[in-house]
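Please keep the sequence and the model side by side while reading.

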Amino acid sequence: MGEFGTMQIAGRKPRSDAQRNRERLVAAAKEILGQGGPEASLEAVARRAGLGIGTLYRHFATRESLFLAVYASEVAQATETATELESAGDGLEALRAWIHGMVGLVETKRGLIGALSVAMTEEARARYSEVSAPLIVAMERLVARAQADGSVRADVTTQEIMSTVFALCYARQPDPGWKVQVLRIIDIFVDGLRPPMARGG
C-alpha cells in the first residue's frame, strides 16, 4: 500500500523547519501545478519553494501524496471560509460567495490531477473522499443558515446544491474562459435558490 503525506512517529512532533518546508512545498505546488500547463513540474515546485527536489521527495514520496496534501490544504481553507461566512448578512449571498470559492478549488484540483498525472487508485479515492468530507459539512451549515433566514427555499437539499455545482464545473473542459463561464452559470443557478416570493414570482 502506498503512503499519503508524511507519516510521523507516534508522539513525535515534526521539526519546525521540516514543517515550514512542507508548507512551502504545498503552497508552491498549488501555485505551479494548480494551473497546469507545460511549465508544471515537480522540479518547478521545488524551485518555487526554494528547496531541492530531494527535499520534496522526502516529504512527498508519491505524486498522489502531494496532490492530497494540496487538496487537503484547500479543503481546510474552504471550511475556515465557511465559518467566517456564517455571520455574513444575507444567507444566500454568503452561500454564493462560498460556492464561488469552490469553483476555484475545482480549478486547482483539475490542474493538479493533470500536471501530476495522478492515478486515482482505490486507496487514493478513499483518502480523497475522507479529505473531502468537511466540504459537505461546511455547505450544510451555510444552507441551513440561509434557509433559516428565508433567503434559500426550504425544499432544496445540500446534496442537490453540491451535485449541481460539481456538474456545472465538470460540464466542459477547462480553457481560458472556463472559470468566467462557470461562475456566470452558477450565479444563475444560485439566483434560482431564492424562494419564489423573494424572486417576485
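Apart from neighbours within four places in sequence, Glu 74 is in contact with Lys 30, Leu 105 and Thr 108, where contact means heavy atoms within 4.5 Å. Glu 74 is found in helix H4; helices (H or I, at least four residues) and strands (E, at least two) are DSSP runs, numbered from the N terminus. Glu 74 counts as buried because its relative accessibility is 12%; buried means under 20% relative accessible area, exposed over 50%, and partly exposed in between (1.4 Å probe, protein chains only).

The model is a predicted one, in which local features need pLDDT of at least 70 and side-chain atom pairs count only at pLDDT 80 or more, while totals for chains, interfaces and linings use all residues. Residues are numbered from 1 along each chain as its sequence is written, and side-chain values use heavy atoms, with hydrogens and water left out.

**Overall make-up**

The protein has 8 helices and 0 strands, and its pattern along the sequence is α-α-α-α-α-α-α-α. Of its 201 residues, 39% count as buried. Contacts between residues at least 6 apart in sequence join residues at least 24 apart in 73% of cases. The accessible surface is about 10,800 Å², and 55% of that belongs to carbon and sulfur atoms; these areas come from the Shrake-Rupley method with a 1.4 Å probe, and for residues only the protein chains shown count as cover.

The table lists two helices with their spans from first to last C-alpha. The expected span is 1.5 Å times one less than the number of residues in the helix.

| Helix | Residues | Length | Span | Expected span |
|---|---|---|---|---|
| H1 | 16-33 | 18 residues | 25 Å | 26 Å |
| H6 | 122-148 | 27 residues | 39 Å | 39 Å |

The buried residues of H1 include Asn 21, Leu 25, Ala 29 and Leu 33. Which residues does Leu 25 contact, leaving aside its neighbours within four places in sequence? They are Val 45, Ala 46, Ala 49, Leu 51, Thr 55, Leu 56, His 59 and Phe 60. Leu 25 counts as buried because its relative accessibility is 0%.

The UniProt annotation "DNA-binding region", from an unreviewed entry, covers residues 41-60; UniProt positions are in the numbering used here, feature names are shortened, and annotations may be inferred rather than shown by experiment. Over residues 41-60 the chain is 75% helix and 0% strand, with the end C-alpha atoms 14 Å apart.

H6 bends by about 30 degrees at Val 131, and Pro 134 follows within four residues; the bend is the angle between axes fitted to the seven residues ending at a residue and the seven starting there. Among the buried residues of H6 are Tyr 128, Val 131 and Leu 135. Just after H6, Gly 150 has a positive phi of about 80 degrees.

**Aromatic pairs**

The structure holds 3 aromatic pairs. Phe 67 and Tyr 71 form a stacked pair, 6.0 Å centre to centre with 15 degrees between the planes. Rings of Phe, Tyr and Trp (its six-membered ring) pair if their centres lie within 6.5 Å, and planes under 30 degrees apart count as stacked, over 60 as edge-to-face and the rest as tilted. Because Phe 67 and Tyr 71 are 4 residues apart in helix H4 (residues 63-85), about one helical turn separates them. Both Phe 67 and Tyr 71 are buried. Together with Tyr 128, Phe 67 and Tyr 71 form one aromatic cluster.
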